[in-house]
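Colleague: I would like to go through this model with you, one point at a time. Please give the cut-offs as the terms come up.

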Amino acid sequence: MKKTFLNAALFLSLTAAFSSTAISCSNSDDDSSDSISTIDPSNFKGNIAAGTTLTLDPSKVYTITGRVLVENGANLIIPAGTKITVAEGANYLIVDRGGKLYINGTATSPVVFEGTTHKQGHWGGIVLLGNAPSNRTAAGTSTSELGDMTYGGTDNNDNSGVIKYVVIKDSGFKYNPEKEFNGLSLFGVGSGTIISYVYVTDGADDGVECFGGSPNLDHIVVTGVGDDGFDWTEGYKGNANYLYVARKKQYQNNTEPGNRGIEADTQDTNANTTFGNGASNPMITNATFLGNTAGSESQGLKVRAGSNGQFDNIVLANYSTGLDFETDRTLTWFQSGSYIKNIKFVNITTKSKAKNTANTTVDISGVYSENINALGAGSGTALPDWAKGWTGLSSYDVADSMN
């Protein structure tokens with residue numbers, strides 16, 4: 001999924017969101033008396049106004065029926081054990097720059113977002129907009145078509161809140177084949193944001209995508225999404241530690257059976273940009289990616305469009321191709337140092353392949369080191385202990401990702 005979905009989502013929801021009653025403060029200039037007590041849990045939508053903190057009640061089930069916007073200067077707190085269902089369509093939770101989202105789940109009481117019907121693409125997803133750089137402009141910012149939802153900036157340490165122990169099901173609502181939501185989208189999010197123990201499952205597009213910024217993520221599980229497990233672009237420079245990403249065999253014969261474990265870009269329109277953070281260059285450690293050979297994008301790590309990166313202790317299983325790299329800027333980086341270490345290939349047809357910007361085949365077999373004892377996310381191809389329980393999973397392995 002690329003940037004275009006946000007513009008469409010905002011356009012489709014602008015009138016409904018701004019004409020609805022504000023969650024904590026009326027949109028009228030002369031009426032700021034509306035209180036959080038006016039929320040109807042069965043019809044949760046609208047704006048959480050600047051200067052307001054809204055705390056949900058974990059004893060209630062909330063149903064999002066439109067756009068929920070956390071404005072600049074507002075806070076949304078979601079306590080452990082809260083369940084949020086979402087009606088079908090372009091319904092989603094978005095946090096503006098300067099707003100904060102606190103999802104305070106625990107290992108025994110995660111917060112759950114799910115569709116009112118369980119299917120891929122039922123609803124939108126969770127979107128954070130931060131003040132850390134995008135490389136789309138010299139200023140480090142990027143702007144939606146409407147111009148009122150700018151993201152990015154110059155603060156790599158920006159803080160959008162805490163997302164911890166959350167399950168995101170049935171996300172990825174699609175407008176057309178080019179525009180759809182991810183489970184968790186991070187636009188210019190800074191390293192001051194805590195993102196830990198996130199499970200995205202049965203989504204129609206990517207599990208997690210970073211558009212620039214420098215968010216650090218840990219203990220991320222993605223299963224059964226229609227596109228990539230973890231995606232980045234626009235100069236992303238964060239750390240991702242402990243990832244378990246897997247296709248589901250039940251979708252193997254679908255039109256979208258699942259694509260890459262990782263899809264990595266610097267920028268889709270200018271792979272050689274020097275704006276903002278310049279080239280994407282995250283560090284990915286302790287990760288397992290389980291695929292199958294269905295579809296045309298059966299690649300464990302697809303690194304292209306000028307992206308750099310560093311990878312250590314990675315298990316890749318059951319993809320047609322393990323490492324698939326493209327463009328001069330990407331190849332120059334990986335050929336210049338030891339940036340791919342301790343890789344374990346399990347039932348991979350082609351371990352590595354690459355082509356430069358001129359589409360000439362390049363041998364990259366010398367840029368990585370293998371380790372048959374690599375454990376990836378913790379247990380090789382098997383679901384690691386840290387992912388059990390709070391996700392609703394007790395086990396997972398290659399048999400669950402392919403027939």
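Colleague: Which residues lie nearest the centre of the largest cavity?

Modeller: A cavity is a set of points, on a 1 Å grid over the protein atoms alone, where a 1.4 Å probe fits but cannot get out, and lining residues have an atom within 4 Å of a point. The lining of the largest cavity consists of 13 residues. Those nearest its centre are Asp227, Gly229, Val245, Arg247 and Arg260.

Colleague: Before going on, what kind of model is this, and how are residues numbered?

Modeller: It is a predicted model, in which local features need pLDDT of at least 70, side-chain atom pairs count only at pLDDT 80 or more, and totals for chains, interfaces and linings use all residues. Side-chain values use heavy atoms, with hydrogens and water left out, and residues are numbered from 1 along each chain as its sequence is written.

Colleague: How do the residues of that cavity lining divide into nonpolar, polar and charged?

Modeller: Ala, Val, Leu, Ile, Met, Phe, Trp, Tyr, Cys and Pro count as nonpolar, Asp, Glu, Lys and Arg as charged, and the others, Gly among them, as polar. On that basis the lining of the largest cavity divides into 5 nonpolar, 4 polar and 4 charged.

Colleague: What is the volume of the largest cavity?

Modeller: Grid points are joined across faces, edges and corners, and the volume is the space filled by probe spheres set on the points. The structure holds 1 cavity of 30 Å³ or more. The volume of the largest cavity is about 60 Å³.

Colleague: Why is strand β24 described as largely enclosed by the rest of the structure?

Modeller: Strands are DSSP runs (E, at least two residues), numbered from the N terminus, and buried means under 20% relative accessible area with a 1.4 Å probe, protein chains only. Strand β24 covers residues 310–317. It is largely enclosed because the buried residues number 6 of the 8.

Colleague: Which residue of β26 is the bridge partner of aspartate 312?

Modeller: Two strands pair if DSSP finds at least two bridges between them. β24 runs parallel to strand β22 (residues 283–290), with 7 bridges, and parallel to strand β26 (residues 340–346), with 6 bridges. In β26, the partner of aspartate 312 is lysine 341.

Colleague: What is the phi of histidine 219?

Modeller: Histidine 219 belongs to strand β18 (residues 216–223). It is buried, at 14% relative accessible area. Its phi is positive, near 55°.

Colleague: Which residues touch the most other members of the largest nonpolar core?

Modeller: A nonpolar core is a set of buried Ala, Val, Leu, Ile, Met, Phe, Trp, Tyr and Cys residues joined through side-chain atoms within 4.5 Å. The largest has 70 residues, and those touching the most other members are Leu101, Phe113, Phe230, Ile284, Phe289 and Phe311.

Colleague: Which strand gives this core its largest share?

Modeller: The largest share is 4 residues, and it comes from strand β3 (residues 61–70).

Terms used
Buried means under 20% relative accessible area, exposed over 50%, partly exposed in between (1.4 Å probe, protein chains only). On a 1 Å grid over the protein atoms alone, a cavity is a set of points where a 1.4 Å probe fits but cannot get out, and a pocket is an open set with protein on both sides within 12 Å along at least five of seven lines; lining residues have an atom within 4 Å of a point.
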